[in-house]
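Work through the exercises below with the sequence and the model side by side. Try each task before you read its solution.

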Amino acid sequence: MPWTIAPEPYDSPVAAALWRAYYTEVSDRWYLLHENRRTDPAELEREIAAVTGAELTPPNGQLLVARYKGEPAGTAGVRLLSPTTAELKRVFLYEGMRGRGGAAKLVTAAEEAARDLGATTIILDTRHDLIEARTLYTHLGYTETARHNNDPYAEHWFRKALLNQQ
């Protein structure tokens with residue numbers, strides 16, 4: 001099986017490299033769309049350092065890393081917002097790993113991690129320009145809902161019941 005998915009410490013070198021790649025891509029996509037430029041390097045470094053991912057650790061969270069043929073390929077995390085509601089975070093695959101079925105496997109593994117934390121519902125937010133993400137979530141049974149947070153970059157909110165899906 002080419003894909004494996006396992007828990008990873010948020011501060012491991014592998015997780016740090018994936019976080020940097022994820023943040024760089026989504027930030028650059030936003031700035032290129034709205035300001036026709038890439039992210040300022042100083043801003044990029046500030047934001048990567050400020051958002052460590054520490055909330056993606058047990059007992060209230062989990063970071064997962066997908067590996068393709070043993071090589072780090074992507075990440076997804078979950079964190080509890082309440083005893084029964086988890087939030088899906090940092091879903092990302094390196095560009096060269098996309099189109100091989102890893103994203104669905106990664107989200108499914110994150111849903112299982114959320115269930116293991118006690119969640120019965122999982123929510124997420126994403127942006128309008130992240131069409132691939134929105135398509136994936138819809139394909140996996142997520143339903144678009146009303147706004148559930150005040151994230152200034154969020155434009156779409158999704159929810160999925162996790163009961164009876166094991």
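Predicted model: local features only at pLDDT ≥ 70, side-chain atom pairs only at ≥ 80, totals over all residues.

**Exercise 1.** Find how E4 and E5 run relative to each other, and how many bridges join them.

*Solution.* Start with the names: helices (H or I, at least four residues) and strands (E, at least two) are DSSP runs, numbered from the N terminus. E4 covers 85–93 and E5 covers 121–126. The two strands run parallel, joined by three bridges. Strands count as paired if DSSP finds at least two bridges between them.

Residues are numbered from 1 along each chain as its sequence is written, and side-chain values use heavy atoms, with hydrogens and water left out.

**Exercise 2.** Which hand does the β-α-β unit of E4, H3 and E5 have?

*Solution.* Point the strands away from you. A path from the first strand over the helix to the second that runs clockwise is right-handed. Now trace E4, H3 and E5: this unit is right-handed.

**Exercise 3.** Identify the strand that pairs with E5 in the antiparallel sense.

*Solution.* Look at residues 156–161. They form E7, which pairs with E5 over six bridges. Within this pairing, threonine 126 stands opposite histidine 156.

**Exercise 4.** Are the two faces of E5 covered or open?

*Solution.* Take one side: Thr121, Ile123 and Asp125 are buried (under 20% relative accessible area; exposed is over 50%, partly exposed in between; 1.4 Å probe, protein chains only). Take the other: Ile122, Leu124 and Thr126 are buried too. Both faces are covered. Six of the six residues are buried, so E5 is largely enclosed by the rest of the structure.

**Exercise 5.** List contacts of leucine 88.

*Solution.* Contact means heavy atoms within 4.5 Å. Skip residues up to four places away in sequence; leucine 88 then touches Val107, Ala110, Ile122 and Tyr137, among others.

**Exercise 6.** Compare asparagine 36 and arginine 90: which is buried and which is exposed?

*Solution.* Check phi. Asparagine 36 has a positive phi of about 55° although it is not a glycine. Arginine 90 has a positive phi near 55°. Then check place. Asparagine 36 lies in the loop between H1 and H2, while arginine 90 is in strand E4. Last, check area. Asparagine 36 is exposed at 68%; arginine 90 is buried at 7%.
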